[in-house]
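Me: I have a structure to read and I am new to this. Can we go through it step by step?

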Amino acid sequence: MLTVSMFLANVAFGMAFPYLSVYMHLLGGTMVMVGLLSVAFNLTSTVFQYPFGWLSDSTGNRKGLIALGLFSTGVFYTAMALVSTHLALPAFRTAQGRWIRR
């Protein structure tokens, strides 16, 4: 169930990613900001995988942490859809990278 949920979350963002440049332009951002969306997410998700992996191993609650990551994905996608400034979009995407588990 968690694998299917993660797959759907990744597909959802993969379908939306080509339109981020248009969305960012409408919000007043630049193409550099669109690139920053991907880079910042990948950087934070890479850095935070190690502490969350340790937490998962030490508590034995791997499924709970994965579920938290999937829940946060929905929260951050909703927040990104409702932003009104081009600076909030990369901020939410970066914060999302902190909570997502792969």
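Me: Let's start with the backbone. Which residue just after H2 takes a positive phi?

Reply: Gly28 does, with a phi of about 100°. H2 is a helix covering residues 20-27. Helices (H or I, at least four residues) are DSSP runs, numbered from the N terminus, as are strands (E, at least two).

Me: What should I know about the model itself?

Reply: It is a predicted model: local features need pLDDT of at least 70, side-chain atom pairs count only at pLDDT 80 or more, and totals for chains, interfaces and linings use all residues. Residues are numbered from 1 along each chain as its sequence is written, and side-chain values use heavy atoms, with hydrogens and water left out.

Me: Which residues of H2 are buried?

Reply: First the term. Buried means under 20% relative accessible area, exposed means over 50%, and partly exposed lies in between (1.4 Å probe, protein chains only). In H2, the buried residues are Leu20, Met24 and Leu27. Seen down the axis of H2, they fall within an arc of 60°, so they line one face of the helix. The arc is that of the directions from the helix axis to the C-beta atoms.

Me: What does the face of H2 turned away from its buried side carry?

Reply: That face has the exposed residues His25 and Leu26.

Me: What do the buried residues of H2 pack against?

Reply: They pack against helix H1 (2-16), H3 and H5. Contact here means heavy atoms within 4.5 Å.

Me: How do I read a nonpolar core?

Reply: In soluble globular proteins, nonpolar side chains tend to be buried together. A nonpolar core is a set of buried Ala, Val, Leu, Ile, Met, Phe, Trp, Tyr and Cys residues joined through side-chain atoms within 4.5 Å. Here the largest one has eleven residues: Phe13, Leu20, Met24, Leu27, Met33, Val34, Leu37, Met80, Val83, Ala88 and Leu89. Two or more residues come from each of helix H2 (20-27), helix H3 (31-59) and helix H5 (88-99).

Me: Where is Val83 found?

Reply: Val83 sits in the loop between H4 and H5. Its relative accessibility is 11%, so Val83 counts as buried. Leaving out residues up to four places away in sequence, Val83 touches Tyr23, Leu27, Ala88, Leu89 and Phe92.

Me: At what angle do H4 and H5 pack?

Reply: Axes are lines fitted to C-alpha atoms, for helices over the stretch in contact, and angles run from 0 to 180 degrees between N-to-C directions. Helix H4 (residues 62-81) and H5 pack at about 175°, and their axes are 9 Å apart. That makes H4 roughly antiparallel to H5. Angles under 35 degrees count as roughly parallel, over 145 as roughly antiparallel, 65 to 115 as roughly perpendicular and the rest as oblique.

Me: Which residues make that contact?

Reply: H4 gives Leu68, Gly69, Ser72, Thr73, Phe76, Tyr77, Ala79 and Met80, while H5 gives Leu89, Phe92, Arg93, Ala95, Gln96 and Trp99. By class, nine are nonpolar, four polar and one charged. Ala, Val, Leu, Ile, Met, Phe, Trp, Tyr, Cys and Pro count as nonpolar, Asp, Glu, Lys and Arg as charged, and the others, Gly among them, as polar.

Me: How far apart in space are Phe48 and Arg98?

Reply: They are 5.7 Å apart, C-alpha to C-alpha, and 50 residues apart in sequence. Phe48 belongs to helix H3. Phe48 is partly exposed, at 26% relative accessible area.
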